[in-house]
Amino acid sequence: MLGPSEGFPRGPPGAPYPSTVVDIPAEPPKDHFIWSIICFSYSNIFCLGLAALIYSVKARDRKMMGDMNGAQHYASTARSLNILSTVLFSVFFLIGLITVIVVVVQIKQMHTFTRQNNYYYG
């Protein structure tokens with residue numbers, strides 16, 4: 001192999017260029033199995049956690065069989081379902097928490113009002 005010379009910055013015309021090929025194996029896709037189990041156990045709204053768990057298992061099976069494209073497809077579907085399940089659970093949890101706080105405050109105000117105005121009968 002010829003290296004660069006002074007007259008030709010990349011070597012003489014037609015000379016092969018020195019090159020190094022590094023073969024980096026592709027990282028296998030993540031199957032999001034643990035996240036799916038958590039969503040299935042704690043936030044299984046509209047059975048999205050179950051669907052995510054099923055797709056995670058399919059992604060793991062495809063990965064073990066060597067089908068990385070199929071594993072990537074199932075893993076991305078499982079990830080989307082996990083995100084949707086987590087977001088819906090968070091929204092419903094916050095709505096429920098705010099509702100409970102508002103009801104408790106209203107009951108406390110009503111109790112204070114009846115105590116101050118002697119509306120107790122009995």
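I will start with residues 83-107: their end C-alpha atoms lie 36 Å apart, and the span is 100% helix and 0% strand. Helices here are DSSP runs of H or I with at least four residues, strands are runs of E with at least two, and both are numbered from the N terminus.

Before going on, the basis. This is a predicted model, in which local features need pLDDT of at least 70 and side-chain atom pairs count only at pLDDT 80 or more, while totals for chains, interfaces and linings use all residues. Residues are numbered from 1 along each chain as its sequence is written, and side-chain values use heavy atoms, with hydrogens and water left out.

Back to that span. In UniProt, an unreviewed entry lists residues 33-55 and 83-107 under "transmembrane region". Positions from UniProt are in the numbering used here, feature names are shortened, and annotations may be inferred rather than shown by experiment. What is the helix content over residues 33-55? That stretch is 78% helix and 0% strand, and its end C-alpha atoms are 9 Å apart.

Now the chain as a whole. The protein chain has 3 helices and 0 strands, and from the N terminus on its elements run α-α-α. Of its 122 residues, 18% count as buried. Buried means under 20% relative accessible area, exposed means over 50%, and partly exposed is in between, with a 1.4 Å probe and protein chains only. The accessible surface comes to about 9700 Å², and 66% of that belongs to carbon and sulfur atoms. The areas come from the Shrake-Rupley method with a 1.4 Å probe, and for residues only the protein chains shown count as cover. As for contacts (heavy atoms within 4.5 Å), take those between residues at least 6 apart in sequence: 55% of them join residues at least 24 apart.

Next, helix packing. Two packed helices are described by the angle between their axes and the distance between the axes. H1 and helix H3, residues 68-116, pack at an angle of about 35° with their axes 10 Å apart. The axes are lines fitted to C-alpha atoms, for helices over the stretch in contact, and angles run from 0 to 180 degrees between N-to-C directions. H1 passes H3 in a left-handed crossing. On the H1 side, the contact is made by Trp-35, Ser-36, Cys-39 and Tyr-42, and on the H3 side by Arg-79, Asn-82, Ile-83, Ser-85, Thr-86 and Phe-89. A crossing is left-handed if the near helix is turned anticlockwise from the far one by less than a right angle, and right-handed if clockwise.

Ser-43 sits in the loop between H1 and H2. Is Ser-43 buried or exposed? Ser-43 is buried, at 6% relative accessibility. Apart from its neighbours within four places in sequence, Ser-43 is in contact with Ile-38, Ser-85 and Phe-89.

On to charges. Side chains of opposite charge can pair when their charged atoms come close. A salt bridge is counted when a side-chain nitrogen of Lys or Arg is within 4 Å of a carboxyl oxygen of Asp or Glu, and by this rule there are 2. In one of them, Asp-31 pairs with Arg-60, with the closest N and O atoms 2.6 Å apart. Asp-31 lies in the segment before helix H1 (33-42) and Arg-60 in helix H2 (residues 48-65), so the pair ties together parts that are 29 residues apart in sequence. Asp-31 is buried at 8% relative accessible area, whereas Arg-60 is partly exposed at 36%.

Asp-67 also forms a salt bridge, with Arg-62, the closest N and O atoms being 3.0 Å apart. Asp-67 is partly exposed, at 27% relative accessible area, and Arg-62 is partly exposed, at 29%.

A note on backbone angles. Most residues other than glycine have a negative phi. His-32, in the segment before H1, has a positive phi, near 55°. Cys-47, in the loop between H1 and H2, has a positive phi of about 60° and is not a glycine. Cys-47 is partly exposed at 45% relative accessibility.

Last, Met-68, which is found in helix H3 and is partly exposed at 36% relative accessibility. Met-68 and Ala-26 are 42 residues apart in sequence, and their C-alpha atoms are 9.3 Å apart in space. Which residues does Met-68 contact, leaving aside its neighbours within four places in sequence? They are Pro-28, Pro-29 and Lys-63.
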